[in-house]
Amino acid sequence: MFSKKNGPDFWKCWRAKFGKSSNKCEQVGGCVDEAIIADKFVSSFAEAYRSNDLLRSTELNEEYLRIRSNYCGLPLTDLHMFDVELLENVLSKLKRGRAAGLDTLSAEHLLNCHPVLPCLLSELFNLMLRTGHVPATFCNSYTIPIPKIQDCRTATVTTDDFRGIAISPIISKAFEYSILERFGKFFETSENQFGFKTGIGCSDAIYTVRSAVDKLTMDGSTVNLCALDLSKAFDKVNHCALFIKLMRKFIPVQLLKTLERLFSCCWTCIKWKSVTSNFFRIDSGVRQGSVLSPFMFALYINDVVKKLHFRQRFFIVMYADDILILAPTVTELQRLLHECEQELAWLDMAINVKKSCCLRIGPDWDVKCVNIVTSSGISLPWVDEIRYLGIFIVSSRKFKCSLSHAKKSCYRALNAIFGKVGRSASAEVVLELVSKKCWPILLYGLEACPLTNSDKQSLDFLATRFLMKLFETCNIDIINECIYYFGFSLPSVLLKRRTERFLVKLKYTGN
């Protein structure tokens, strides 16, 4: 049963079965009273759902009203209407086992109810689209604070150490899925944006960065990378700016009215353990946990890459709100940073300078350079290592990834499994769990990274040491026989297969 679950679900069940979760917070900001903690989150999240600059927000509102007054958009045709077949497909894709909304309905209710439901929902959704009216309950949700840090027991946590995940009504999610199916072409973004696209993931973005670095270093240049982190990115989306972006896509007026209602009239409350707070309004931002929110955010910041089109020696790669800028000179990197800041300033977005940094790869990687400075005058530090989409890129002569963090995470997973079932379960069970749940942690993203033979041997060494512990022997010949007879694959073998599959998929990727 465990081996069939994906990574997060597996470890969630594992902790529930064999011990308490290390991420279970009992106190926040020095307080343990649940009602007081919930009120603290209300204050924190309500502040996050506000604009960074009130003056800029007012300007965007005026610009939106000016454009909206004369907006026509493309016509809404019968092809855009929701039919029963579409609703049946949408309902079949709903994920089971998820938390119910405020109406206590879950995906299981819709999947197991009367077959007439798709007919009723199609009529309801078509009526909503034509009139631009969205029921108030569709816009209401409750927010669960999720800790960002791995172990809440080892540090004093505050409300800033949590992100809010909104739980929306399941029928509202079905409506958003339907919009995505019918109007997905209006939400398409640049090829430089790798987030929230079918068939494209973190490995594709990592491989793109690697290819760009290799291209520049082969020409003798030293690549300068700047990793930008946006402050409260999803929570700071200005609704007026978002609607302006949608109007530039010429979406139908009826759809625009529907989205205006869906995003501008949102209310939420905080649920902390057994306590539910009062409702407060979401004045800006797109709710994390909503179906359309990721696509709206990707469209929102899509114009950051516009000024880089047709440039062969400068690159910008985005994955959601993770922005990576590459340039062959420090001067060009500084200029590109200012161009990105101009677009972000128009969007009323701010860079989190505490989490942004720069790194050099190439012949002069160890030469000290002047600091890259933001428009506010804050210097971004040059570092020896940056974390990008789960991997760690190292400053060196060539594109190189550090494996130490992946091996540490893998060791923790191995010890968690071996410490609980290593002596009671059979070797077949332990090896199956290790293959399905530990090696993916070790090999994450490495199919897109260049690894030397020494790197691959270090991965195999980790596996060999674990097998020596499992079979209680240091004889390498015995270990090799166990690998053969148990059909166990070493990480280097699995990595070779992953790389081959990835390159084949990459060959047929449209990006």
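Predicted model: local features only at pLDDT ≥ 70, side-chain atom pairs only at ≥ 80, totals over all residues.
View 1. The strands concerned are β3, which covers residues 223-229, and β8, which covers residues 322-327, and they pair in the antiparallel sense over six bridges. Both belong to an open sheet of four strands, arranged in the order β7-β8-β3-β9 with antiparallel pairing. Strands β7 (315-319) and β9 (357-361) stand at the edges and have a single partner strand each, so one side of each is left without a neighbour in the sheet. From one strand to the next, the twist averages 20°.

**View 2. Helices α8 and α12 against the sheet.** Helix α8, formed by residues 202-218, packs on the sheet and touches β3, β7, β8 and β9, with a direction that makes about 165° with that of β7. Helix α12, formed by residues 330-346, lies across β3, β7, β8 and β9, and runs at about 145° to β8.

**View 3. The hairpin of β12 and β13.** Strand β12 (residues 385-388) and strand β13 (residues 391-394) pair in the antiparallel sense over four bridges, and within this pairing the bridge partner of Arg387 is Phe392 in β13. Two residues lie between the strands of the hairpin, in which Leu389 takes a positive phi near 55°. The faces of β12 can be told apart by their covering, with Ile386 and Tyr388 on the covered face and Glu385 and Arg387 on the uncovered one.

**View 4. The surroundings of Thr258.** Thr258 has its place in helix α10, which comprises residues 253-264, and with a relative accessible area of 0% this threonine is buried. Its side chain reaches the backbone oxygen of Gln254 at 2.9 Å. When residues up to four places away in sequence are not counted, Thr258 touches Met128, Leu129, Gly132, Val134 and Phe175.

**View 5. Ser172 in helix α7.** Ser172 has its place in helix α7, which comprises residues 170-183, and is buried, with a relative accessible area of 0%. Although Ser172 and Thr137 are 35 residues apart along the chain, their C-alpha atoms are separated by 8.4 Å.

**View 6. The edge-to-face pair of Tyr207 and Phe502.** The structure holds 18 aromatic pairs, and one of them is formed by Tyr207 and Phe502, whose ring centres are 5.7 Å apart and whose planes stand at 70°, so the pair is edge-to-face. The pair links distant parts of the chain, since Tyr207 belongs to helix α8 and Phe502 to helix α17 (residues 491-507), and the two residues are 295 residues apart. Tyr207 counts as partly exposed at 24% relative accessibility, whereas Phe502, at 5% relative accessibility, counts as buried.

View 7. Phe234 and Phe297 form a stacked aromatic pair, with 4.3 Å from centre to centre and 15° between the planes. Phe234 lies in the loop between β3 and α9 (239-248), while Phe297 lies in helix α11 (residues 293-300), so the pair ties together parts that are 63 residues apart in sequence. Elsewhere, ring pairs link Phe41, Phe45, Phe162 and Trp272 into a cluster.

View 8. As for their accessibility, Cys119 is partly exposed with a relative accessible area of 34%, whereas Cys482 is buried with a relative accessible area of 15%.

Technical notes
Residues numbered from 1 in each chain as written. Heavy atoms only, no water. Pairing = 2+ DSSP bridges. Axes fitted to C-alpha atoms, helices over the stretch in contact; angles between N-to-C directions. Contact = heavy atoms within 4.5 Å. Buried < 20%, exposed > 50% of the residue type's maximum accessible area, 1.4 Å probe, protein only. Polar contact = N/O pair within 3.5 Å; in protein donor to acceptor, adjacent residues only side chain to side chain. Phe/Tyr/Trp six-rings, centres within 6.5 Å; stacked < 30°, edge-to-face > 60°.
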